[in-house]
Amino acid sequence: KAGVTQTPRYLIKTRGQQVTLSCSPISGHRSVSWYQQTPGQGLQFLFEYFSETQRNKGNFPGRFSGRQFSNSRSEMNVSTLELGDSALYLCASSLGRASTGELFFGEGSRLTVL
Amino acid sequence: AQSVTQLDSQVPVFEEAPVELRCNYSSSVSVYLFWYVQYPNQGLQLLLKYLSGSTLVESINGFEAEFNKSQTSFHLRKPSVHISDTAEYFCAVSEGGSYIPTFGRGTSLIVHP
């Protein structure tokens, strides 16, 4: 069974640009969550999607957005990039129903903002 | 609201020595507990989990963790570490019915030869 796939793995952007990251969950998983990981803040929850609907949201500004498609694939977008957005962005999937909270993570997309 | 505290940000240890990584949580309801491991430039991988039943859970690579409800702890232990165990370890807690676990800040385990 293929794992969670994130693309791209690495990218470099400049301030003010926007970026879109993609996540393909494990087959059969309908929930996709996004996390931002930085050395100073640790793992911070961005949002979670289930059946194309945002079900949970963390405490991030509106520049951070996401969506989920009918095949459960998800994208997240960050607009008007700031230096502080440099981070590892992790996607995780789960079945999404009667969940225990167990997550299956991708390898992440490392974003550097210059 | 639940919270997770990993008391040590960094734990240095020599190869073949025992290690304990501490995790305490706060929650007023039943919980599910997890330890994840993250190797450099990779995502998180589930190491072990407590959902119900025996309070002592084990992983395939020699780690174990014990759920202590009275002390609200879920410490991770290994009797003899290897260089390859060097990684970041995250404790996570999920309240019953919640889809979103809360993660600790992580503990960096550094194994020296």
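Me: How many salt bridges are counted between chain A and chain B?

Reply: A salt bridge is a side-chain nitrogen of Lys or Arg within 4 Å of a carboxyl oxygen of Asp or Glu, and between chain A and chain B the count is 1. In that salt bridge the side chain of Lys49(B) meets that of Glu102(A), at 2.7 Å from N to O. This is a predicted model, in which local features need pLDDT of at least 70 and side-chain atom pairs count only at pLDDT 80 or more, while totals for chains, interfaces and linings use all residues. Residues are numbered from 1 along each chain as its sequence is written, chains are lettered from A in the order in which they are written, and side-chain values use heavy atoms, with hydrogens and water left out.

Me: What area do chain A and chain B bury between them?

Reply: The size of an interface is often given as the accessible area lost when the parts come together. Here chain A and chain B bury about 1800 Å² (accessible area, 1.4 Å probe, summed over both), with 56% of it on carbon and sulfur atoms. Leu43(A), Thr100(A) and Glu102(A) supply 28% of the area that chain A buries against chain B, more than any other three residues.

Me: Which cysteines of chain A form a disulfide?

Reply: A disulfide is a covalent bond between the sulfur atoms of two cysteines. Taking sulfur atoms within 2.5 Å as the criterion, Cys23(A) and Cys91(A) form one, with their sulfur atoms 1.7 Å apart. The torsion about their S-S bond is about -55 degrees, so this disulfide is left-handed.

Technical notes. Buried area is the accessible area (1.4 Å probe) that two parts lose on being put together, summed over both.
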